[in-house]
Amino acid sequence: MKNKPKLKSVQSRSNKATSRSYKSTGYASPPISSKSKAKSKSAKGSIRTVPGSLLFYNGMNGTGATALLDAAGKYTFVSLLSGFSRWTHIVGAPSGGLLFYDATTGNGATATLDSAGKYTFVGALTGFGSWTHIVSANENGLLFYNANTGAGATALLDANGNYTFVSSLSGFSRWTHIVGTPSGGLLFYDATTGNGATAKLDAAGKYTFVGPLTGLSTWTHITSANRDGLLFYNANTGAGATALLDANGKYTFVSSLSGFSSWTHIVGTPNGALLFYNAPMGTGATALLNGSGNYSFVSSLSGFSTWTHIVGV
């Protein structure tokens, strides 16, 4: 495998994307408005295991790119994109749907990223509430959370990019990180206290609290990979750990890790592959997290362009 990804060529290649890209500023449907229930009808998707797809986005210049990251950790560049609007959050569902959201305007949009890495714009949405976190869980599920108010909501985003509001939630504790697994588990974590909790989101978007967790170490990043896997990383110490979080919200510690390099982004895919990225350096690496939560390094990468967001589906 060539270690140097082709993403660096974004400055020299044509800005014309092979699939549609965003050119307007408005896009999204309100997860807290009952009107959004009639917007679209969700279809059940399927978790794609081979290969994983990646979307790269630069919020400063509106450029993007797609790539593949297969179950062996092999990275393959696919295409360049341009003309994106400004988004603060981008979330990918395991079935291939993408949700874009701008916390400053309440606008959003949906798109799809297929198993070949082809990006397709679907439609604009408006009227979202104010959210600090949005995560995917289960095949098509989305959880919205506002750390300032404790409010939440759930929705579905299917493989065709159809968005369907499900329910409003309230009374959440304060969390710094929320991570969902493709099987439907949710992990809540507060880096200031080391406390956590688990919950689950079923295929219909129904949220169920499971139980609290205590005594978690200090982590700057938590990402999911494979069906139930979690990778924890501390950018300040290079420490890491792995765990499993199943569809019932059961949390199981697996192993401690050490000696990680400095990374600004870590992204997992449902096939178990992981991409590590350092934005200032333009470097990266790939690794695997198997179904038992065992971690293995695959390869180093270099020559990446500058990206503010990376999403894996």
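Which residue takes a positive phi in the hairpin of E8 and E9? Keep that in mind; the answer comes at the second stop.

**Before you click**

This is a predicted model, where local features need pLDDT of at least 70, side-chain atom pairs count only at pLDDT 80 or more, and totals for chains, interfaces and linings use all residues. Residues are numbered from 1 along each chain as its sequence is written, and side-chain values use heavy atoms, with hydrogens and water left out.

**Stop 1: colour by confidence**

Start with pLDDT, the predictor's confidence in each residue, from 0 to 100. The mean for the protein is 87, and 84% of its residues reach 70 or more. Now select residues 1-49: here pLDDT stays under 50, and the model has 156 contacts beyond four places in sequence for this stretch. Contact means heavy atoms within 4.5 Å. Where pLDDT is low, the predicted coordinates should not be read in detail.

**Stop 2**

Strands (E, at least two residues) are DSSP runs, numbered from the N terminus. Select strand E8 (133-137) and strand E9 (141-145), with the loop between them. Two strands pair if DSSP finds at least two bridges between them; E8 and E9 pair in the antiparallel sense over five bridges. Look for Ala-137, whose bridge partner in E9 is Gly-141.

Now the opening question: the residue is Asn-138, which takes a positive phi near 65° in this hairpin with three residues between the strands. Most residues other than glycine have a negative phi. Asn-138 is also buried, with a relative accessible area of 10%. Buried means under 20% relative accessible area, exposed over 50%, and partly exposed in between (1.4 Å probe, protein chains only).

Show the side chains of E8 next. In a regular strand the side chains alternate between the two faces of the sheet. Here His-133, Val-135 and Ala-137 point one way, Ile-134 and Ser-136 point the other way, and all are buried. With five of its five residues buried, E8 is largely enclosed by the rest of the structure.

**Stop 3: Asn-226**

Jump to the loop between strand E16 (221-225) and strand E17 (229-233), where you will find Asn-226. Its phi is near 65°, a positive value in a residue other than glycine. At 17% relative accessibility, Asn-226 counts as buried.

**Stop 4: the sheet E4-E5-E6-E7**

Select these four strands: they form an open sheet in that order, with antiparallel pairing. Which strands stand at the edges? They are strand E4 (89-92) and strand E7 (119-125), each with a single partner strand, so one side of each is left without a neighbour in the sheet. Neighbouring strands of this sheet are turned by 20° against each other on average, direction ignored. For such angles, axes are lines fitted to C-alpha atoms (for helices over the stretch in contact), and angles run from 0 to 180 degrees between N-to-C directions.

Zoom in on strand E6 (residues 107-113), which six bridges join to E7 in an antiparallel run. Ala-109 stands opposite Ala-124 in E7.

**Stop 5: the sheet E20-E21-E22-E23**

Here is another open sheet of four strands in the order E20-E21-E22-E23, with antiparallel pairing. Strand E20 (265-268) and strand E23 (295-301) stand at the edges, and each has a single partner strand, so one side of each lacks a neighbour in the sheet. The twist averages 20° from one strand to the next.

Four bridges join E20 to strand E21 (residues 273-278), and the two run antiparallel. Val-267 stands opposite Leu-275 in E21.

Leu-275 turns up again when you click Thr-286, being one of its contacts beyond four places in sequence. Others include Leu-69, Tyr-75, Phe-297 and Val-298. Thr-286 sits in strand E22 (residues 283-289) and is buried, with a relative accessible area of 0%.

**Stop 6: the rings**

Finally, show Phe, Tyr and Trp. Rings (for Trp, the six-membered one) pair if their centres lie within 6.5 Å; planes under 30 degrees apart count as stacked, over 60 as edge-to-face and the rest as tilted. The structure holds 23 aromatic pairs. Take Phe-172 and Tyr-207: their ring centres are 5.5 Å apart and their planes at 65°, so the pair is edge-to-face. Phe-172 lies in the loop between strand E11 (163-169) and strand E12 (177-180) and Tyr-207 in strand E15 (residues 207-213), so the pair ties together parts that are 35 residues apart in sequence.

Phe-172 counts as buried at 14% relative accessibility, and Tyr-207 counts as buried at 18%.
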